[in-house]
Amino acid sequence: MIESDVRYQIDRSLVATGWILQAGHEDKNVYFEESVKLRLAAISIQRLGQKRPDYTLFDGTSPIAIIEAKKASVSDLGDALKQASDYAKRIGVDIVFACNGLTVKSLHVSSGLPLYLNGIEVTEFPDLQLLQKFRVNQSNQLFTIPKKVLKSRTDLIRLFAELNDDLRAEGLRAGIERFSEFANILFLKLLSEKGEDEIWRQLLRLREQDLLPYLNNVAMEQLRENYGGEVITGTAIQNPKTLKRIVVTLNALQLSDIDEDIKGVAFEHFIQKTTDTQNDLGEYFTPRHIVRFMVRLLDPQYGESVYDPFCGTGGFLTETFRHISQQCNLTVDALDTLNYRTVFGGEITTTARIAKMNMILFGDGHSGVNQQDSLRAESEGKYKNVLSNIPFSQRIAREVLNQVGGTAQYVRHADEACVLKCFNSLRLGGSMAIVVPEGLLVNRQHKEFLRFLLQNSTIRMLIRLPRGCFAPYTDAKTGIIYLTDKGSGQTEWFYRVTIKNDGYDSKRQQVPGINDLDRTLFFFHKACCPQSMLPENLDVSVVSVQNLASKESFYFHTSWRLGSHKRYVKLEDVAILKNGKSITKAATTPGDIPVIAGGRGTVPYTHGEYNYSGQVFTISKSGAYAGYVWWHDDPIWASDCIVVRSKDESKYLTRYLYMCMALKQAELYDRQQGTGQPHVYVSHIRDFPVPEVPIERQRNLLMEEEAYQKKLRELKMEIRIGREKIDQALSSFYEQ
């Protein structure tokens, strides 16, 4: 986005938050650049001089905040905040914002710290009333609910743990059954916090023996009239004491201001206590930061439909509803569009009720959520966007596979069927971002299925998420497929991104600062071609699709990351690349010649013969360390590996080629194909870029390396001798 695009987006966000921008409007409270002179006092105009803020927000006749707009290529908004702070000090303003279209950053000028609302950093433009509270508070921290309420997340988890035994005593199965019962009452509590508190007041007032009849009859009937019978059902709890205890305990908590949908803590706690749901249904709680990342990546617009066929408790739907509602002024017509023509979801289990509850509590749109077997449901060509976390490794009947795949012979796996269902639900030109097992992206058995997607859409990104992202439900590695132009595009190249830092540590505690998800959003929204400069602080590469029309020879080619050196030659032009000759242990003869196979610096067994006399290096072909680069001074028997040596030592030294490839070890590992048994082939390395340097420079580099290797050997020897002396001294303490 150029700066004018960013300003348009800021304008929309301000209008949606209640600010008035129209020229001539008697209540106008947003002024742009030069027009601020119409509103500022003369002394403030004098202090500004020739400087003009992009946006100045007013409370009556007093300026209250400044916004500085920057184009999307400005990733670090620190300078923009400094610039806005300079304007702010001149006119007596203490709150500033900077926006590049992807990120909104805030600053409380007096403290030099970001704004925090109820302990959460402000990343959207607040309305006037909220800014007034910040100004009165004279601090970067504002709590609109008592600080003790912010402990409700912990209190709620503790409460679930305490009541778990009570719910088990009611005969309710662990996991979703118990949570569904609890969610009924939790829903009523949250409704009361939204102002619909008649039922809740009755539950608090009634005697224990009257609770069950009232809840199962009067309250249920009223809720069915308001929201439909499938949202909430009569409780299966038979002991009124249990029911009363839940109501009284929840009443002490303030929950609606917690920045998590109701599944966030409740669903996590109960699913951790059971294996039924995660084994049978592949149902995992998608972390909120992953949901937000995917919604912002897909960026659905007002007026577009969004579908999640495996919506679970509705995380993608609620976040989409929030994302789109911020793009428009919430008029009656806009709300009608949002509630009835925007978000749609399907879920096979009774968890669909929780999704409906979430939609009601978030705004609405619950009428678009249905309990259904989405693999069998009719949804072909209906939606502009799909966002989903597919159920992993389900068992699907052959008839369902055939129904989803039709005549397509490439759909042989349940994961493929789920992805294809998402894809088929898109209308022509539609887009989708979905979470999948990483094996679907890298395992060779899915090659033909990936080829189908590449032939029938534009894949923009294949993203690898860090292991542990979905802990505690699964430690399986996951990824994201992001594609556009369904049925009207064909993929020639895409970005492969590896997320190493998702903003959480190994204990899943949030870590402050910019993470790889933020960097990916920023990079992708400004990148438009494979020649775009790849960021140094993000593991991203350009992958070109080769021979897409051919089932047999189709493959991916990943670009090598290059530096500032200008001239390179391909490895195959300067080196001989040969596959080793496989040999089993039974076929070897007695001897001490190492057999080089698929390991990393390991020798599985030895042989009495060699097929290379030394001064070569090998690259492992298969196994976990496929791609490992290993130098050999002495004779070897090359087995499950690729042997590399220079074609002409007077032009390129074999040792120099080895040093270059060893430096790129991580990128060689990234070229592995397959997950059950990863492989690296000659075709993956033949275009390796060798820096073109004179032979004398190569020799000098090798001499330097040999000198350091000699020092290393001497240090190792010194350490070994020192260790032996220490051992001898210690041994003397034990000798008679």
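User: Which residue stands opposite S541 in β17?
Analyst: That is R496. Keep in mind that this is a predicted model.

User: How many bridges join β16 to strand β17, and do they run parallel or antiparallel?
Analyst: Six bridges join β16 to β17, residues 539-546, and the two strands run antiparallel.

User: In what sense do strand β14 and β16 pair?
Analyst: In the parallel sense, over four bridges. Strand β14 covers residues 458-464.

User: Which residue in β16 is the bridge partner of I463?
Analyst: V497 is the partner of I463.

User: Why is strand β16 described as largely enclosed?
Analyst: Five of the six residues in β16, which covers residues 493-498, are buried, so the rest of the structure largely encloses the strand. A residue counts as buried if its relative accessible area is under 20%.

User: Which lining residues are closest to its centre?
Analyst: The second largest pocket is lined by 27 residues, and the closest to its centre are R464, T498, A666, Y669 and D670.

User: And which elements give two or more residues to that lining?
Analyst: Those are α18 (439-442), β16, β17 and α23 (665-670).

User: Which one gives the most?
Analyst: Helix α23 does, with four residues in the lining of the second largest pocket.

User: How do the lining residues divide into nonpolar, polar and charged?
Analyst: For the second largest pocket, eight are nonpolar, eight are polar and 11 are charged.

User: New topic, helix α9. What span should it have?
Analyst: Helix α9 has 12 residues, 240-251, and at 1.5 Å a residue it should span 16 Å. The C-alpha atoms at its ends are 16 Å apart, so the two values agree.

User: Which of its residues are buried?
Analyst: In α9 the buried residues are T242, L243, K244, I246, V247 and L250.

User: What does N239 do at the start of α9?
Analyst: A side-chain oxygen of N239 comes to within 2.9 Å of the backbone nitrogen of K241.

User: Last one, C660. Where is it, and is it buried or exposed?
Analyst: C660 sits in helix α22, residues 654-663. Its relative accessibility is 13%, so C660 counts as buried.

User: How far is C660 from V690?
Analyst: Their C-alpha atoms are separated by 6.9 Å, while along the chain C660 and V690 are 30 residues apart.

Conventions
Residues are numbered from 1 along each chain as its sequence is written. This is a predicted model: local features need pLDDT of at least 70, side-chain atom pairs count only at pLDDT 80 or more; totals for chains, interfaces and linings use all residues. Side-chain values use heavy atoms; hydrogens and water are left out. Buried means under 20% relative accessible area, exposed over 50%, partly exposed in between (1.4 Å probe, protein chains only). Two strands pair if DSSP finds at least two bridges between them. The expected span of a helix is 1.5 Å times one less than its number of residues. A polar contact is a pair of N or O atoms within 3.5 Å; within protein, one must be able to donate a hydrogen and the other to accept it, and residues adjacent in sequence count only if both atoms are side-chain atoms. On a 1 Å grid over the protein atoms alone, a cavity is a set of points where a 1.4 Å probe fits but cannot get out, and a pocket is an open set with protein on both sides within 12 Å along at least five of seven lines; lining residues have an atom within 4 Å of a point. Ala, Val, Leu, Ile, Met, Phe, Trp, Tyr, Cys and Pro count as nonpolar, Asp, Glu, Lys and Arg as charged, and the others, Gly among them, as polar.
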